[in-house]
Amino acid sequence: MTLDRRLAVLGGLAGLGGCAVKPITPGLPFIDRLPPLAPIRAHKDRIFDITVCLRPFRATGPRLDTEMLGDTMVVHNYGHGGSGWSLSWGSGTIAVKKAMASSPKEIAVIGCGALGLTSAILAQRAGAAVTIYCKELVQQARSARATGSWTPDSRIALTGPAGPQFGVLWEEMARTSWKAYRDYLGLPGNPVAFADRYTLSDIPFAEMGEQMEARDTLGFGGYMDRIADITPNPQLLPPGANPFAVKYARRSTSLQFNIHDYAHQLLNDFRLAGGKIEMREFRSPAEFTQLKQKVVINCTGYGARSLWKDDSIVPVRGQIAWLLPQPEVNYGLYYNDVSTVSRSDGIVVQSIAGGDLRGYKDDNETVSREEADQAVGVIEELYSRMT
């Protein structure tokens, strides 16, 4: 991936932050001038929650194969790393196509996270009656603890193990998902929306990119160049147009998911189409054969590591500090290894020091107040330099 594309993705990870600035920004054409940006009230006493998520990473990419358990066909759809929400519609489309090969009248979906809900809705659209079996609804699932940014190649695979052919599959999933999200733009609650993102640095971006690449000792795949025609390039802000108290700034525009609104929308869509949900925990794959449905889509995410004894799944820990919502903050920022995302349900603040290797092979889901305070402190210090 080129540096510009990588920084565009980084801006996508960055989320939504702000600063009080003048609406006139010399140095940019009139059409590109920045609007007034409201500041994030980044104070530690405004943290109202801290959550931890384990991303299900697989070096070869998501598992999308099928297997037979007795007379039950299981289609796997898990292992998307940090790209579950972003690739859910594309991945689900592939899984449902395999599930519908024998034209079943009924399909079971295991799991009610990002992949489970989208797979279930797609199976309904394909003509099947669908029941979701899950231990917990999406609001309590790990999917609800995601940052909510469009990051379709975030820890999706390692370049070597995935091989060159994976790029073709990834592009199919990314383009399908990108198009599907258009159906959710402009709905009440803004379940899916576009927002400006700012990547900030005290050093030149070329040097910043070199540091990022040096951190990645495993070789995580970067595929955003394959969809460069549908995603905007970052735009360098000249000194007269940079409202931030840093020397270098870029602006891009990224898709984001206000996950709680979006999750409610998906659940309502599923239920209005006649979908059923049964609360059930599976302790072994053999229990799938006890279901009346003989076609099952397995969307158990990180849970597949234990359920399926799938050691190819590597946990990647990520923690979020939640600041009180600020509806007036409608843009995002990344600075000094801290990302912020302003959503309707709160402002997400996340330390990503160490890059993609942060949290790698760490299955500890205990929250760290110290980590949360440090991340919020970085954003607070940034705004303290601004007038």
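Modeller: Let us begin with Ser 103, which lies in the loop between helix H2 (84-99) and strand E4 (106-110); helices (H or I, at least four residues) and strands (E, at least two) are DSSP runs, numbered from the N terminus. This is a predicted model, in which local features need pLDDT of at least 70, side-chain atom pairs count only at pLDDT 80 or more, and totals for chains, interfaces and linings use all residues. Residues are numbered from 1 along each chain as its sequence is written, and side-chain values use heavy atoms, with hydrogens and water left out.

Colleague: Why is Ser 103 called exposed?

Modeller: Exposed means over 50% relative accessible area, buried means under 20%, and partly exposed lies in between (1.4 Å probe, protein chains only). Ser 103 has a relative accessible area of 56%, so it is exposed.

Colleague: What makes the phi of Ser 103 worth a remark?

Modeller: Most residues other than glycine have a negative phi. The phi of Ser 103 is near 55 degrees, a positive value in a residue other than glycine.

Colleague: Why is Asn 190 called partly exposed?

Modeller: Its relative accessible area is 41%, and therefore Asn 190 is partly exposed. Asn 190 is in the loop between helix H5 (166-180) and strand E6 (192-201), and has a positive phi of about 50 degrees although it is not a glycine.

Colleague: What makes strand E12 (residues 331-335) mostly covered?

Modeller: Five of its five residues are buried. Tyr 331, Leu 333 and Tyr 335 point one way from E12, while Gly 332 and Tyr 334 point the other way. In a regular strand the side chains alternate between the two faces of the sheet.

Colleague: How do you know that E12 pairs with strand E13 (residues 338-343)?

Modeller: Two strands pair if DSSP finds at least two bridges between them. E12 and E13 have three bridges, in the antiparallel sense, and Leu 333 stands opposite Thr 340 in E13. The two strands form a hairpin with two residues between them, and Asn 336 in the turn has a positive phi of about 50 degrees.

Colleague: Which way does E12 run beside E6?

Modeller: E6 and E12 run parallel and are joined by five bridges. Thr 199 stands opposite Tyr 334 in E12.

Colleague: How do you know whether the radius of gyration of the protein chain agrees with that of a compact globule or departs from it?

Modeller: The radius is taken over C-alpha atoms, and the globule rule is 2.2 Å times the number of residues to the power 0.38. With 387 residues the rule gives a value near 21 Å; the protein chain has 21 Å, so the two agree.
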